[in-house]
Amino acid sequence: NSTYFYPFGKQEHCLPDGEIYCIREVQDGVLLGYSNCKLVWVNALTKNVVEVDEHLQDFYSKESGYPEFQLLQDRNKNVWVVTTQGLHVYMHNTEKWVDSLESLGLKMEQPISTYENMLKCLSSDDLGNIYIGSDKTGLLKINLDSWTLTASQHKSEDSRSLCSNSVQSIF
């Protein structure tokens, strides 16, 4: 019940009803991901809902089943969402969504189709790099300074490579 999280009842700027699936601390507040793929930004100072975004609901429906997803905001205030069915990035500077790795215009080592399947987890480091774990293609690293994507994958001849191409979580 959202009244426990931000107790201001049924009034303007109140949290929408629904099941909160994940919570991420972001610049200026908190980003809530609902199980129905709705995203809600809450201002940390006022504790008011700033924006409710239903873009992801255009891709996923209740009938087909909402996917599992992870959220992250990068240093440029872009919001990254990985799902088991793909990647979505809300570009803060253009206020538009990009719905695939290919549409981001990244420089890549391999063709895009080899990367965009069964994305599982999301993280970043202190340098601002974005890391995406996948079920089949290993660990993807996006360097925000050079706008390049590199993949770390299992190589049987290299004992320092990933032990598996299935990366389920990143800490």
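What is the volume of the largest pocket? The largest pocket has a volume of about 300 Å³. The structure is a predicted model, in which local features require pLDDT of at least 70 and side-chain atom pairs count only at pLDDT 80 or more, while totals for chains, interfaces and linings use all residues. Residues are numbered from 1 along each chain as its sequence is written, and side-chain values use heavy atoms, with hydrogens and water left out.

The secondary structure of the protein amounts to one helix and 13 strands, where helices (H or I, at least four residues) and strands (E, at least two) are DSSP runs numbered from the N terminus. Along the sequence the pattern reads α-β-β-β-β-β-β-β-β-β-β-β-β-β. Of the 171 residues in the protein, 43% are buried; buried means under 20% relative accessible area, exposed over 50%, and partly exposed in between, with a 1.4 Å probe and protein chains only.

The pocket can now be described by its lining. A pocket is defined on a 1 Å grid over the protein atoms alone, as an open set of points where a 1.4 Å probe fits, with protein on both sides within 12 Å along at least five of seven lines; lining residues have an atom within 4 Å of a point. Grid points are joined across faces, edges and corners, and the volume is the space filled by probe spheres set on the points. Sixteen residues, written as 16 in the count, line the largest pocket, and Gln 27, Trp 41, Val 50, Gln 73 and His 92 lie nearest its centre. Strands β2 (29–34), β3 (39–43) and β4 (49–53) each supply at least two residues of this lining, and β3 gives the largest share, three residues. By class, the lining has seven nonpolar, five polar and four charged residues, with Ala, Val, Leu, Ile, Met, Phe, Trp, Tyr, Cys and Pro counted as nonpolar, Asp, Glu, Lys and Arg as charged, and the others, Gly among them, as polar.

Two of these strands are also partners. Strands β3 and β4 pair in the antiparallel sense over four bridges; two strands pair if DSSP finds at least two bridges between them. Val 42 stands opposite Val 49 in β4. The hairpin of β3 and β4 has five residues between the strands, and Lys 47 there takes a positive phi near 60°.

Rings of Phe, Tyr and Trp (its six-membered ring) pair if their centres lie within 6.5 Å; planes under 30 degrees apart count as stacked, over 60 as edge-to-face and the rest as tilted. By this rule there are three aromatic pairs. One of them is the tilted pair of Tyr 21 and Phe 69, at 5.0 Å centre to centre and 35° between the planes. Tyr 21 lies in strand β1 (residues 20–26) and Phe 69 in strand β5 (residues 69–73), so the pair ties together parts that are 48 residues apart in sequence. Tyr 21 is partly exposed at 36% relative accessibility, whereas Phe 69 is buried at 3%. Trp 41, Tyr 90 and Trp 97 form one aromatic cluster, and Trp 41 is also among the residues nearest the centre of the largest pocket.

The cysteines remain. The structure holds zero disulfides, a disulfide being a pair of cysteine sulfur atoms within 2.5 Å. For Cys 37, which is in no disulfide, the nearest cysteine sulfur is that of Cys 22, 9.6 Å away. Cys 37 is buried, with a relative accessible area of 1%, whereas Cys 163 is exposed at 76%.
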